[in-house]
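Welcome to this short tour of a protein model. Please take a moment to look it over before reading on.

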Amino acid sequence: MTTFVALVSGIIFGLGLAVSGMTDTAKVQGFLDLFGNWVPDLMFVMGGALIVSAIAYQIAKKQIRPMLRYSFDLPQNKTIDQKLITGSLIFGVGWGLYGLCPGPALTHVLSQDGLLFVAAMLVGMLVSYQIKKFI
Amino acid sequence: MDAFLLPLLGGMIIGVSTLILLLLNGKVAGISTIFWNFCTSKSMESALFIIGLPLGALIAYSMLGISQPTLPSNTSLILLAGFLVGFGVNRGSGCTSGHGVCGIGRFSIRSIVATLCFMASGIVTVAFLGVNT
């Protein structure tokens, strides 16, 4: 049952990304072009998503467990370290360069360029995973 | 239609997806982490979520009249940007969904810091290098 829920949740997420315009690299770069021809539309994507996700979390806080599992599996890490900051800064550079973050990239995986991006993304993840062991 | 309506609606649909995953499965909808689990641990749940993403987008393009965007063909840029995105989200433990939507939705200071960082570096990158299209 949890795998079925995961599929439905993935489909809804992909639908939302496409409807919102986040899968359009030109719109994403237009949104990031704050000091040029700024297109503020995508601000509403985060706004809309945040309202619903904040409500979801408030409901979850009042529950002892999720409906299909014995416990919630939420991130516990609260430390703000150099890995969080340098990693997020590097992610932003890649996001700005081409206009794709991981979710929208995965919606494009059936096209050749999308698949190439996702493959490069996986390589980046694997390299980071190895480097994180040392610094 | 007003320019902000579809982004707002799409954002709320994304929110509904995170709500379902949290309240039913007890999981956070962080795409980069789910994709990592799919690639490294062969998790069936992660695999189906990832498969759902292009399917959902396809529904929007084929049935809801959303125009399907094409990606700019620039192989070296795709490889560089993809690598940096993957490297960064792994090092920073999350991306736009995990930190930007779910994390801030939980009022996590860590996620707020991460989101400010990738928004800032994304804005600076576009300011210096322009748009690729």
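The model you see is predicted. In it, chain A is divided into domain 1 (1-74) and domain 2 (77-135). The centres of these two domains of chain A, taken over C-alpha atoms, are separated by 18 Å. Where they meet, eleven residues of domain 1 of chain A are in contact with eight residues of domain 2 of chain A. On the domain 1 side, the elements giving two or more residues are α1 (2-20) and α2 (25-32) of chain A. The largest share of that side comes from α2(A), with five residues. By class, the domain 1 side that touches domain 2 of chain A has seven nonpolar residues, four polar ones and no charged ones.

Let us turn to chain B. The C-alpha trace of chain B spans about 45 × 35 × 30 Å along its principal axes. Of the 133 residues of chain B, 61% count as buried. Among contacts in chain B between residues at least 6 apart in sequence, 46% join residues at least 24 apart.

How do the two chains come together? In this model, 97 residues of chain B are in contact with 100 residues of chain A. The helices of chain B in the table each supply at least two residues of the side that touches chain A.

| Helix of chain B | Residue range |
|---|---|
| α1(B) | 5-25 |
| α2(B) | 31-41 |
| α3(B) | 44-63 |
| α4(B) | 75-91 |
| α5(B) | 96-105 |
| α6(B) | 109-129 |

The helix that gives the most to this side of chain B is α1(B), with 20 residues. The side of chain B that touches chain A has 65 nonpolar, 27 polar and five charged residues.

Next comes the nonpolar core. The largest one holds 78 residues, and A:Leu15, A:Ala49, B:Leu84 and B:Val85 touch the most other members. This core draws at least three residues from each of domain 1 and domain 2 of chain A. Which residues does B:Leu84 contact, leaving aside its neighbours within four places in sequence? They are A:Ile90, A:Val93, A:Gly94, A:Leu97 and A:Gly124.

Two helices are worth a visit. In α5(B), nine of the ten residues are buried, so this helix is mostly covered. Among them are B:His99, B:Val101 and B:Cys102. The buried residues of α5(B) pack against α3 (43-61) and α5 (102-107) of chain A, together with α1, α2 and α6 of chain B. Just after α5(B), B:Phe107 takes a positive phi of about 55 degrees.

The other helix is α3(A). Its buried residues include A:Phe44, A:Met46, A:Ala49 and A:Tyr57. These buried residues of α3(A) pack against α1 of chain A together with α1 and α5 of chain B.

Definitions and conventions: Residues are numbered from 1 along each chain as its sequence is written. Chains are lettered from A and ligands numbered from 1 in the order in which they are written. This is a predicted model: local features need pLDDT of at least 70, side-chain atom pairs count only at pLDDT 80 or more; totals for chains, interfaces and linings use all residues. Two residues are in contact if their C-beta atoms, placed from the backbone, lie within 7 Å. Helices (H or I, at least four residues) and strands (E, at least two) are DSSP runs, numbered from the N terminus. Ala, Val, Leu, Ile, Met, Phe, Trp, Tyr, Cys and Pro count as nonpolar, Asp, Glu, Lys and Arg as charged, and the others, Gly among them, as polar. A nonpolar core is a set of buried Ala, Val, Leu, Ile, Met, Phe, Trp, Tyr and Cys residues joined through C-beta atoms within 7 Å. A residue is buried if 20 or more other C-beta atoms lie within 10 Å of its own, exposed if 12 or fewer, and partly exposed in between; C-beta atoms are placed from the backbone. Domain bounds come from an automatic or database domain assignment.
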